[in-house]
Amino acid sequence: MTKKYAVLPCNGLDKCAGQMAREIALTVCEKTDSQLICPVFYRVADARYNKIANENPLLVIDGCATRCASKLAAEKNLKIYRKMTVTDETQKHGVTLAIEPLRLWEDEINLCAALAAELIKEEDVAESMAAAVIYPVPGDYLIHTKDKFMFRIPPEGFYFTENDCWVQPVGNRARIGVADYVQQSLSDIMFFTPPPVGVEVEQFGEAGAIESGKAVFELVCPVSGKIVAINKELLNSPEKINENPYEQGWIAELELTNFDEEKDFLLDADGYLQVLKRKVDEFHVNQRKG
Amino acid sequence: MAEELKIGVVSCSGEDCLGGTISRLATRKMLDEVRPDKTVTICLPLFLAGGQEERMFAKTFPTIAVDGCNKACAKRATEKYSGKVNGTILVSDIIGDTVSESAALSTRDVTAEHQTMVDKVAAEITKQFDAILNANSKNQAGSTATSCGCSCSGGCG
């Protein structure tokens with residue numbers, strides 16, 4: 001089974017990344033039954049694409065950090081199922097984009113094909129690698145309050161990084177996610193970019209991103225391992241991270257490779273509580289100065 | 001100054017039909033080969049999303065809209081946000097409605113036949129492009145000669 005999307009690319013003409021966004025979009029459409037949405041025509045006359053956009057999982061392909069396609073999706077109140085930003089991907093794959101001339105050369109064309117293949121086949125990999133592990137739900141939480149804000153930390157079974165990410169290990173598997181502090185700071189989370197299933201991630205490497213109207217937060221993976229599943233619920237409902245980042249808002253599941261040693265670099269709940277208090281105090285001081 | 005004039009070529013995004021792809025490629029030909037020092041292209045999706053640099057450029061400098069089909073997204077968008085365009089090209093008028101409305105094309109699959117279409121469209125853009133440049137040069141020359149309001153070549157104080 002391959003994915004079928006409504007594909008909304010940025011389609012920019014004046015940057016190499018925009019050209020690549022278009023190329024990836026065309027490739028995905030050629031190889032699946034996906035349907036393309038022209039961002040320009042959609043903006044000026046949306047009747048033609050409303051049905052396609054609302055009835056299919058929406059794949060947004062941005063060229064650069066300006067994120068025109070994502071912004072268009074937000075303007076049209078569309079839920080994004082999967083999102084890709086070409087400049088992020090080129091960095092990840094070590095490809096340097098040509099600034100001038102803007103034509104796509106062999107490296108860019110090959111990367112477009114690889115990224116399109118990843119988008120098309122991701123679902124197959126995810127389903128075959130996911131395994132049934134039961135993750136205990138926190139019974140209660142450590143609470144830290146500051147003014148109107150309340151921050152929760154699960155007291156047991158979770159480890160944290162100073163970058164406000166968590167890991168919940170169970171056997172040789174673990175779930176990862178972001179702490180309450182992140183979701184409070186970002187406010188309403190609108191987009192979720194999962195890490196690719198099947199890839200090996202190093203401890204403190206990047207494992208996906210979440211994005212609100214305020215900022216993008218790249219998840220720092222607390223442990224190394226292979227991504228075996230992502231939280232698909234977040235693709236349609238990223239707001240679940242706001243509701244509870246430790247339970248239904250988990251980001252991805254990993255097969256652990258070196259947890260015993262890596263645990264030494266992580267914080268338990270009490271340790272993280274001290275970090276959290278300091279951050280919250282500093283944030284409030286800065287707010288007052290601002 | 002006439003030598004600093006740049007011309008904006010605004011191509012339709014070209015996602016829905018071959019005409020759009022040809023528009024993009026012809027615009028790129030202007031930028032890369034035909035008039036590289038004078039051409040500035042505008043990213044239409046960014047322009048529509050509110051890109052201020054794009055909009056200011058199109059307000060300040062002459063623009064040519066290159067549209068794949070008669071929906072004329074590029075022309076309409078430019079005129080909505082930045083004022084009248086100085087030239088328009090409708091690719092479907094050059095390569096025919098039926099061909100223009102066929103499926104969008106990846107740059108991987110461009111054939112010699114497509115390249116001929118690109119060349120024809122680029123030639124038409126060039127014609128309009130040079131007409132705008134020439135008109136601008138004449139205006140510049142005219143305004144210099146009469147800048148002081150007499151026939152002394154502008155030397156009056």
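Trainee: Does N56(A) count as buried or exposed, and at what relative accessibility?

Mentor: This is a predicted model. A residue is called buried when its relative accessible area is under 20%. N56(A) has 14% relative accessibility, and therefore counts as buried.

Trainee: Where is N56(A) found in chain A?

Mentor: N56(A) belongs to the loop that joins α3 (47-55) to β3 (58-62) of chain A.

Trainee: Which residues does N56(A) touch, setting aside those up to four places away in sequence?

Mentor: The contacts of N56(A) on that count are K4(A), Y5(A), A6(A) and Q35(A).

Trainee: Let us turn to a charged residue. What is the nearest side chain of opposite charge to R175(A), and how far away is it?

Mentor: A salt bridge requires a side-chain nitrogen of Lys or Arg within 4 Å of a carboxyl oxygen of Asp or Glu. For R175(A), the nearest side chain of opposite charge is E253(A), 5.0 Å away. R175(A) is buried and has no salt bridge. R175(A) is part of strand β9 (residues 173-178) of chain A. Leaving out residues up to four places away in sequence, R175(A) touches several others, including Y135(A), W166(A), W250(A) and E253(A).

Trainee: How should I read a sheet? In what order do the three strands of the open sheet in chain A stand?

Mentor: One reads the order of the strands and then the sense of their pairing. Here the order is β10-β12-β13 in chain A, and the pairing is antiparallel. The edges are β10 (189-193) and β13 (216-220), each with a single partner strand, so one side of each has no neighbour in the sheet. From one strand to the next, the twist averages 25°.

Trainee: How many bridges join β12 and β13 of chain A?

Mentor: Strand β12 (residues 206-212) pairs with β13(A) over four bridges, in the antiparallel sense. Within this sheet, I210(A) stands opposite F217(A) of β13(A).

Trainee: Which residues of helix α4 of chain A are buried?

Mentor: In helix α4 (residues 68-75) of chain A, they are C68(A), A69(A), S70(A), L72(A) and A73(A). Among the elements against which these buried residues pack are β1 (6-9) and β10 of chain A, and α2 (44-49) of chain B. Just after α4(A), N77(A) adopts a positive phi of about 60°.

Definitions and conventions: Residues numbered from 1 in each chain as written. Chains lettered and ligands numbered in written order. Predicted model: local features only at pLDDT ≥ 70, side-chain atom pairs only at ≥ 80, totals over all residues. Heavy atoms only, no water. Helix = DSSP H or I, 4+ residues; strand = E, 2+ residues; numbered from the N terminus. Buried < 20%, exposed > 50% of the residue type's maximum accessible area, 1.4 Å probe, protein only. Lys, Arg positive; Asp, Glu negative; His and termini not counted. Contact = heavy atoms within 4.5 Å. Pairing = 2+ DSSP bridges. Axes fitted to C-alpha atoms, helices over the stretch in contact; angles between N-to-C directions.
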